[in-house]
Amino acid sequence: MAAKRAEARSGAKLVFANGRIHTCAPGETADWVWVDAGRVAAVGSGQPPRPEGAEVFDLRGRSLIPGFCDAHVHLTWVGLSFLGPDVSKCASADEVASVIAAWQGEGRGPDNAWFVGDGFDETTWSRRHLPTRAELDAADSRRPVLVKRVCGHVGVVNSRALETLPPGAHTDRDTGRIAESDLWALNDRLRPGPRALAAVTARVMQLLHTHGITAVHDVISTEMLRALQDVHAQGALDLRVSCSLPTDRLDAVCEAGIQAGL
């Protein structure tokens, strides 16, 4: 289906037939839908039309629904998950440490020194405890390391990272746990620029599309907004984005050169 979406976007004529087409009209379904140059040209029941030059895609009785709109997603966070070690599939703190130790990619933050892993969830582990500073030290004691929970509100840092952090109400220097405003301040220090985010935007969109998501609402970072603008200028933005911008960042938006027409 991803290939069919790309064809539709490029101007191809497609007819999806022999399926259950959900139109979002209460109690109504259709048998076919005709897509012309990325837009729905007609929907109906019975025998499908065969426009000249159109390809007919047989749904084989399967359902076709409009794309989902995710009303609470963080595009910047999704993009960041592709810029560091993926700890989302780890089943223990030991696995998190192993993924960090094996990471060969670039770092983030000043001098690209930080290793940042996103997405672990210790509630799914047999031993339900956060990784510790000592465990991350065993994985890498030379470079600052941060791993973040799937919620984005809690993380853990190693000793090298702690050396760079000021005292904070939500930072436990014994365990390495860092949370809420302390973590957000660290995120701001490590936030990549628009070029790095633009480089992974295609992967962000692909991930969303695999879940049927074609539109999102986001309280977006200035860097991601600029990245989306750059991707859009290349004709490669395959996602509808409704953006909310914090008022305290409006000056940064102006400085970033955001233009109309995105």
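**Aromatic pairs**

Two aromatic pairs are counted in this predicted model. In one of the pairs, the ring centres of F16 and F57 lie 5.5 Å apart; with the planes at 65°, over the 60 degrees required, the arrangement is edge-to-face.

F16 belongs to strand β1 (residues 13-17) and F57 to strand β6 (residues 55-58), so the pair links distant parts of the chain, 41 residues apart. F16 and F57 are both buried.

**Nonpolar cores**

The largest nonpolar core is made up of 18 residues. Those with the most contacts inside this core are L75, L197, L208, V216, I220, M224 and L239. At least two residues come from each of α2, α7, β13 and α8 (222-233), and α7 gives the most, with five residues.

I220, one of the residues with the most contacts inside the core, touches L75, L225, L228, V241, C243, S244, L245 and P246, leaving out residues up to four places away in sequence. In soluble globular proteins, nonpolar side chains tend to be buried together.

C69 lies in strand β8 (residues 68-70). Its relative accessible area is 44%, which falls between the 20% limit for buried and the 50% limit for exposed, so C69 is partly exposed.

Apart from neighbours within four places in sequence, C69 is in contact with A215, V216 and H217. V216 is also among the residues with the most contacts inside the largest nonpolar core. C69 and L239 are separated by 170 residues in sequence, while their C-alpha atoms are 10.0 Å apart in space.

**The second largest pocket**

The second largest pocket has a volume of about 1100 Å³. It is lined by 34 residues, of which H74, T76, W77, V78 and L80 are the closest to its centre.

Several elements each supply at least two residues of the lining: α2 (75-80), β9 (115-120), β10 (145-149), α6 (180-190), α7 (194-210) and β13 (213-219). The largest share comes from α2, with four residues. By class, the lining of this pocket has 14 nonpolar, 10 polar and 10 charged residues.

Terms used
Residues numbered from 1 in each chain as written. Predicted model: local features only at pLDDT ≥ 70, side-chain atom pairs only at ≥ 80, totals over all residues. Heavy atoms only, no water. 1 Å grid on protein atoms, 1.4 Å probe; cavity = no way out; pocket = protein on both sides within 12 Å on 5 of 7 lines; lining within 4 Å. Points joined across faces, edges and corners; volume = space filled by probe spheres on them. Nonpolar A, V, L, I, M, F, W, Y, C, P; charged D, E, K, R; others polar. Core = buried A, V, L, I, M, F, W, Y, C linked by side-chain atoms within 4.5 Å. Buried < 20%, exposed > 50% of the residue type's maximum accessible area, 1.4 Å probe, protein only. Contact = heavy atoms within 4.5 Å. Phe/Tyr/Trp six-rings, centres within 6.5 Å; stacked < 30°, edge-to-face > 60°.
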